[in-house]
Amino acid sequence: CEYQDARPLRQRLLVVANRLPVSAVRRGEDSWSLEISAGGLVTALLGVKEFEARWIGWAGVNVPDEIGQKALTRALAEKRCIPVFLDEEIVHQYYNGYCNNILWPLFHYLGLPQEDRLATTRSFQSQFAAYKKANQMFADVVNKHYEEGDVVWCHDYHLMFLPKCLKEYNSNMKVGWFLHTPFPSSEIHRTLPSRSELLRSVLAADLVGFHTYDYARHFVSACTRILGLEGTPEGVEDQGRLTRVAAFPIGIDSDRFIRALEVPQVQDHIKELKERFSGRKVMLGVDRLDMIKGIPQKILAFEKFLEENSHWRDKVVLLQIAVPTRTDVPEYQKLTSQVHEIVGRINGRFGTLTAVPIHHLDRSLDFHALCALYAVTDVALVTSLRDGMNLVSYEFVACQDSKKGVLILSEFAGAAQSLGAGAILVNPWNITEVADSIRQALTMSCEEREKRHRHNFAHVKTHTAQEWAETFVSELNDTVIEAQLRTRQ
Ligand code: ADQ
């Protein structure tokens with residue numbers, strides 16, 4: 001192996017996720033350029049001083065040749081990353097197939113994709129086989145790099161089979177697993193042909209974490225109803241072995257957002273945006289363009305609001321920033337055209353020669369531009385149909401300490417459990433209710449906005465990503481110690 005490093009003094013944390021936090025571009029036979037992509041997980045772990053984190057995952061590129069693999073492994077080692085090489089066929093079946101076509105919609109209560117439902121049903125077995133194979137490949141790499149005392153933290157629905165593979169290698173390995181999406185009701189999980197095998201594999205971990213208490217409860221009921229195991233207040237018990245199950249709500253690096261507002265470039269951007277939208281209230285949506293985010297529903301609710309409140313038509317603008325994802329998948333292409341069609345229709349209906357009510361961008365914004373947008377927003381609209389947590393709602397609150405804007409938040413986002421008292425909670429499927437909540441938000445008194453913001457800001461400021469990661473890992477250490485004590489007694 002090409003990965004070498006001095007032995008650290010701090011406890012090593014092996015973070016295993018489907019994707020490494022880098023994008024890799026091949027520059028020659030044995031040369032690569034890498035760029036760190038700062039997602040929530042990376043930021044969370046960068047701030048954790050107690051552990052020394054290394055990443056294990058797929059680099060997102062197909063590297064069939066040995067020279068390329070060795071060169072990429074060397075380049076990644078400098079970023080404390082270790083690659084798992086997956087070939088195109090495995091990626092197709094495991095990642096596009098089982099993970100994104102089956103688990104993702106199911107865990108978000110969306111059912112299987114409508115168009116190829118039967119085909120998907122027929123390919124369950126082969127896709128699940130590829131899923132297990134890919135998870136085994138991740139396990140092989142983890143096992144190769146594991147040193148006694150390391151903590152192994154597996155992430156998300158892509159790697160539900162991993163805890164079992166790891167424990168088969170070494171039953172003393174400290175293994176935690178965290179799910180970033182919702183875990184659905186056991187009635188939904190029950191429909192998966194591989195339902196029992198997946199649950200048993202996750203249960204091989206020492207600690208299993210979810211964003212909310214509800215998801216944890218759903219998981220425990222799936223284990224009791226489907227596997228017939230015993231649920232306890234601590235987790236799930238199987239023949240005397242306890243798997244701890246608990247809620248660990250993620251947060252953001254709030255100080256990074258607060259500090260960004262002081263950066264001159266952000267200040268300039270804020271000034272420009274204020275001038276550009278002067279005389280109008282700014283409403284904002286920032287989402288990946290995914291089915292779960294409820295973007296068409298949000299825009300239809302905005303249309304209803306404009307329909308029913310004609311005096312607001314030239315006094316409000318909705319900025320919808322949508323990062324395209326999975327652009328090669330027909331279902332997602334259809335979603336994109338649907339959104340474009342609705343936006344076009346509404347702008348045609350309510351726009352004037354000089355202004356349109358909706359600005360829709362199909363792209364990602366850089367960090368500073370995003371912070372400026374959050375800061376000038378009067379009302380943020382997060383209308384996910386389901387969302388594990390939703391960090392956009394946290395980021396908006398972090399950037400609003402001077403403006404004290406209003407957050408309209410779906411009751412089906414995990415964040416509703418932490419920001420619910422300060423936000424206006426809505427059922428995103430109920431367009432009339434969302435339209436009413438837009439009016440309520442736009443006309444809310446300063447005192448009420450201040451009170452709601454204070455609640456949410458205090459939460460976002462104290463429940464940070466770093467605190468989330470530290471809590472999970474120290475609970476994992478404690479859980480293993482307690483289990484050892486129990487077996488000695
Ligand atoms: P996501 O579904 O990606 O994450 P979310 O939690 O909102 O959803 O995080 C998205 C991140 O991407 C945010 O940091 C946001 O700033 C950024 N982003 C989104 N649109 C952007 C745009 N147009 N331009 C720039 N940046 C943009 C999954 C789960 C969530 C869970 C997280 C973390 O689906 O429910 O909260 O993991 O566990």
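I count two strands as paired if DSSP finds at least two bridges between them. With that cut-off in hand, I opened this predicted model.

**Entry 1**

I started with E8 and E11. They pair in the parallel sense over four bridges, which means they pass the cut-off of at least two. I looked for facing residues and found leucine 207 opposite arginine 244 in E11.

Next I checked E10 against E11. This pair is antiparallel, again with four bridges. Here valine 236 stands opposite threonine 243 in E11. I then looked at the hairpin that E10 and E11 make. Two residues lie between the strands, and glutamine 239 takes a positive phi near 45°.

What lies across these strands?

**Entry 1**

I then went through some of the pairs.

- Strand E1 (residues 11–19) pairs with strand E4 (residues 51–58), parallel, over seven bridges. Valine 15 faces tryptophan 55 in E4.
- E1 also pairs with strand E6 (residues 151–155), parallel, over four bridges. Leucine 14 is set opposite valine 152 in E6.
- Strand E7 (residues 174–178) pairs with strand E8 (residues 207–210), parallel, over three bridges. I noted phenylalanine 178 opposite glycine 209 in E8.

**Entry 2: the six-strand sheet**

I moved on to another open sheet. Six strands form it, in the order E14-E13-E12-E15-E16-E17, and the pairing is parallel. Which strands are at its edges? They are strand E14 (358–361) and strand E17 (424–426), each pairing on one side only. I read the twist too: it averages 15° from one strand to the next.

Strand E15 (residues 379–382) and strand E16 (residues 406–410) are parallel partners over four bridges. Leucine 381 stands opposite isoleucine 408 in E16.

**Entry 3: around the ligand**

How many residues surround the ligand? I got 19. The closest are His180, Ser364, Gly388, Met389 and Leu391.

I sorted the shell by class. It has nine nonpolar, six polar and four charged residues.

**Entry 4: helix H18**

I finished with helix H18, residues 465–488. The helix has 24 residues and spans 35 Å from its first C-alpha to its last. That is close to the 34 Å expected at 1.5 Å a residue.

Which residues of H18 are buried? I listed Ala465, Gln466, Trp468, Ala469, Phe472, Val473, Leu476 and Thr479. An α-helix has 3.6 residues a turn, so residues three or four places apart point the same way. Trp468, Phe472, Leu476 and Thr479 are among the buried residues of H18.

Key. Residues numbered from 1 in each chain as written. Predicted model: local features only at pLDDT ≥ 70, side-chain atom pairs only at ≥ 80, totals over all residues. Near = placed C-beta within 6 Å. Nonpolar A, V, L, I, M, F, W, Y, C, P; charged D, E, K, R; others polar. Axes fitted to C-alpha atoms, helices over the stretch in contact; angles between N-to-C directions. Expected span 1.5 Å × (residues − 1). Buried ≥ 20, exposed ≤ 12 C-beta atoms within 10 Å, placed from the backbone.
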